[in-house]
Amino acid sequence: MTDTTKSATLSIGGQSVELPVLSPSVGPDVLDIRKLYAQAGVFTYDPGYTSTASCDSTITYIDGDEGVLLHRGYPIDQLASKSHYLEVCYLLLYGELPTAAQLEDFETRITRHTMIHEQMHNFFRGFRRDAHPMATMVGVVGAMSAFYHDSLDISDPWQREVASIRLIAKMPTIAAMAYKYSVGQPFVYPRNDLDYAANFLHMCFSVPAEKYEVNPILSRAMDRIFTLHADHEQNASTSTVRLASSSGANPFACIAAGIACLWGPAHGGANQACLEMLKEIGSVDRIPEFIARAKDKNDPFRLMGFGHRVYKNFDPRATVMKQSADEVLDLLGIEDNPLLQVAKELERIALQDDYFADKKLFPNVDFYSGIILEAMGFPTSMFTPIFALSRTVGWVSQWKEMISDPQMKIGRPRQLYLGATQRDYVDVENR
Ligand code: CMC
């Protein structure tokens, strides 16, 4: 990783500090400032981490200028079209595509862990029925620490493995239960004869009173949505999981922290916000009004599903998602979906507008996913839980990578302090 032929020199306060430059396998070089404070007595300042690599990783690579996303080297469009979610989970977790036998073993291990502890059903019932499913998920996933005591010891590689499998296997069950609870229907137990995506649809949409057949078109579309969200390097929720786990906290607590972070509308919550925005726009003729609002500095409105911290080009996930939206609506016989029309026209107009072109704002993964999810029958409140369950493997893979690193340190950023300097306490009667 270290390229000894390259270094950078920082001149500060009359002294020169030599900083090593690290070369990644692909991507821009990285200035190693770990010894900067010790050598020069200064910190760096980078709110929002726009120029800071917080860790090294071998899992996911993004080239934001070219619109490239690779998992363990494999392009996302190839994985979305040729692979499937559990195979991608294996790839993210273990670094290589599985052989047929390895995949079968992995799928069996996941399948054997789909049920949740029966006592957890009572825990769900403590929530209000109108709770957002993300609120329920944050609570229930955190509560897994209270139910699975035999996978909390992060110093034991076997317990780490069991915790990973449990999280990936149980997250669809938890998300589906959060949904069922919110609509007042009975919880549906997992069916291990179904694949991962089909089982999730079964747990969401079947009811005891009727026979439910999973539509294979929908389960394939669901699987692709899971795959497109599986990991995205050091985004806000993944960094949250890494920071939480750097203290040695247990995996269930850390993933609950990731879910909480994902919920925000600038991150995973954008899929819900985007569909609500498309509905508010309602028809193609109102698009210019919303484009004008997005450009107005005095209006906090933003085009949801547009823009990205890293992508300054098309989000490759959005390209696949757009194709999927067309395919799914077509296969379901939903012609002339007004929301899809608004979305496509909004994209077309925005991409021709100098404001969006100059700022390099393109549709992101959340722009088209909501249209597919709504066509599948999900309410908007389930969009972000579906993102969370898909991203669990990414969080878990990044967590495992970090914990297995013997050089792991607690995450502890510094600050640029601008508050009062030391002063003496004044008694209340003298203030
Ligand atoms: N609509 C209108 N203007 C925008 C938008 C947008 N969606 N996104 C960014 N801008 C403008 C912003 O006002 C700023 O302008 P100026 O330089 O004049 O102040 C400029 O573009 C740069 O924006 P920023 O907020 O400094 O960029 P960022 O990298 O901090 O934010 C973002 C990235 C994704 C939070 C932002 O683009 C955004 O809020 N998008 C809408 C929410 C969204 O779709 N989020 C999903 C992200 S992808 C899924 C995921 O991984 O979570």
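A polar contact here is a pair of N or O atoms within 3.5 Å; within protein, one must be able to donate a hydrogen and the other to accept it, and residues adjacent in sequence count only if both atoms are side-chain atoms. The side chain of His267 has an N or O atom 2.5 Å from an oxygen atom of the ligand. For Arg309, a polar side-chain atom sits 2.8 Å from a ligand oxygen atom, and for Asn364 the distance from a side-chain N or O atom to an oxygen atom of the ligand is 2.9 Å. On its own the ligand exposes 940 Å², of which the protein buries 76%; accessible areas come from the Shrake-Rupley method with a 1.4 Å probe, and for residues only the protein chains shown count as cover.

Before I go on, the ground rules. This is a predicted model, where local features need pLDDT of at least 70 and side-chain atom pairs count only at pLDDT 80 or more, while totals for chains, interfaces and linings use all residues. Residues are numbered from 1 along each chain as its sequence is written, and side-chain values use heavy atoms, with hydrogens and water left out.

Back to the ligand shell. There are 21 residues around the ligand, and those that come nearest are His267, Lys297, Leu303, Arg309 and Lys359; near means that a heavy atom of the residue lies within 4 Å. The shell divides into 10 nonpolar, six polar and five charged residues. Nonpolar covers Ala, Val, Leu, Ile, Met, Phe, Trp, Tyr, Cys and Pro, charged covers Asp, Glu, Lys and Arg, and the others, Gly among them, are polar.

On a 1 Å grid over the protein atoms alone, a cavity is a set of points where a 1.4 Å probe fits but cannot get out; a pocket is an open set with protein on both sides within 12 Å along at least five of seven lines, and lining residues have an atom within 4 Å of a point. Points are joined across faces, edges and corners, and a volume is the space filled by probe spheres set on them.

The count is one cavity of 30 Å³ or more. The largest cavity holds about 50 Å³, and its lining includes Met115, His121, Phe187 and Tyr189. That lining has seven nonpolar residues, two polar and no charged ones.

The second largest pocket has a volume of about 250 Å³. Its lining has 21 residues, with Leu86, Leu194, Asp195, Tyr196 and Ala197 closest to the centre. Helix α8 gives the most to this lining, five residues; helices (H or I, at least four residues) and strands (E, at least two) are DSSP runs, numbered from the N terminus. By class, the lining of this pocket has nine nonpolar, seven polar and five charged residues.

Arg72 is not a glycine, yet has a positive phi of about 50 degrees; Arg72 is in the loop between β5 (68-71) and β6 (74-75). Glu233 also has a positive phi, near 40 degrees, and lies in the loop between α9 and α10 (236-245).
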